[in-house]
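Below are my notes on this model, as numbered points. Please read them with the coordinates open.

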Amino acid sequence: EGQTAQSLSGGERSFSTVSLLLALWQSMDNPFYALDEYDVFMDQVNRQKSTQMLLEISKYMCSHQFIFITPQSLGQVDENMGGEEWPIKIIRMRPPRDSIAR
């Protein structure tokens, strides 16, 4: 018997949402696609898998631009992983300061 969306954890719902968006994006023709904080509720395994799926679709749809924003570390992602035919640019922001200097 299948699960309902209400019975899924936050990470499972996030992973399902990313999967749905990937399927929809393949049938849409937009110049760019963006996701913000897509992996906040995911565990490490699902984060890695969803990030890999997003990078794979960006390789497949190479004539489009993709923006993925996450507060999580992308240590497992290598900017040179696809060679010259798969140029990706990772912009890392500095962590916010714990307190504001007065």
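1. Ala5 has a relative accessibility of 48%, so it counts as partly exposed (buried is under 20% relative accessible area, exposed over 50%, partly exposed in between, with a 1.4 Å probe and protein chains only). Ala5 lies in the segment before α1. Its C-alpha atom is separated by 9.4 Å from that of Ser16, eleven residues along the chain.

2. On provenance: this is a predicted model, in which local features need pLDDT of at least 70 and side-chain atom pairs count only at pLDDT 80 or more, while totals for chains, interfaces and linings use all residues. Residues are numbered from 1 along each chain as its sequence is written, and side-chain values use heavy atoms, with hydrogens and water left out.

3. The chain contains two helices and two strands, in the order α-β-α-β from the N terminus. Elements are DSSP runs numbered from the N terminus: helices are H or I of at least four residues, strands E of at least two. Of the 102 residues, 27% count as buried. Among contacts between residues at least 6 apart in sequence, 69% join residues at least 24 apart; contact means heavy atoms within 4.5 Å.

4. Helix α1 has 16 residues and reaches 22 Å from its first C-alpha to its last, close to the 22 Å expected at 1.5 Å a residue. The expected span is 1.5 Å times one less than the number of residues. Gly11, Ser14, Val18, Leu22 and Trp25 are buried in α1. Seen down the axis of α1, these buried residues fall within an arc of 75 degrees, so they line one face of the helix; the arc is that of the directions from the helix axis to the C-beta atoms. An α-helix has 3.6 residues a turn, so residues three or four places apart point the same way. The cover over the buried residues of α1 includes β1, α2 and β2.

5. For α2, the 17 residues should span 24 Å at 1.5 Å a residue, and the end C-alpha atoms are 24 Å apart, which agrees. Buried in α2 are Arg47, Ser50, Thr51, Leu54, Leu55, Ile57 and Ser58. They cover an arc of only 160 degrees around the axis, which puts them on the same side of α2. Val45 and Tyr60, on the other side of α2, are exposed. The buried residues of α2 are covered by elements including α1, β1 (32–36) and β2 (65–69).

6. How do α1 and α2 pack? Helix α1 (residues 10–25) and helix α2 (residues 44–60) meet at an angle of about 10 degrees, with their axes 10 Å apart. That makes α1 roughly parallel to α2 (angles under 35 degrees count as roughly parallel). Axes are lines fitted to C-alpha atoms, for helices over the stretch in contact, and angles run from 0 to 180 degrees between N-to-C directions. The contact is made by Phe15, Val18, Ser19, Leu22 and Trp25 of α1 with Asn46, Lys49, Ser50, Met53, Leu54 and Ile57 of α2.

7. Two residues deserve a look. Asp36 lies in strand β1 and, at 53% relative accessibility, counts as exposed. Asp36 and Thr70 are 34 residues apart in sequence and 6.3 Å apart in space, C-alpha to C-alpha. Glu37 is in the loop between β1 and α2 and has a positive phi of about 50 degrees although it is not a glycine. Most residues other than glycine have a negative phi. At 44% relative accessibility, Glu37 counts as partly exposed.

Methods:
Angles under 35 degrees count as roughly parallel, over 145 as roughly antiparallel, 65 to 115 as roughly perpendicular and the rest as oblique.
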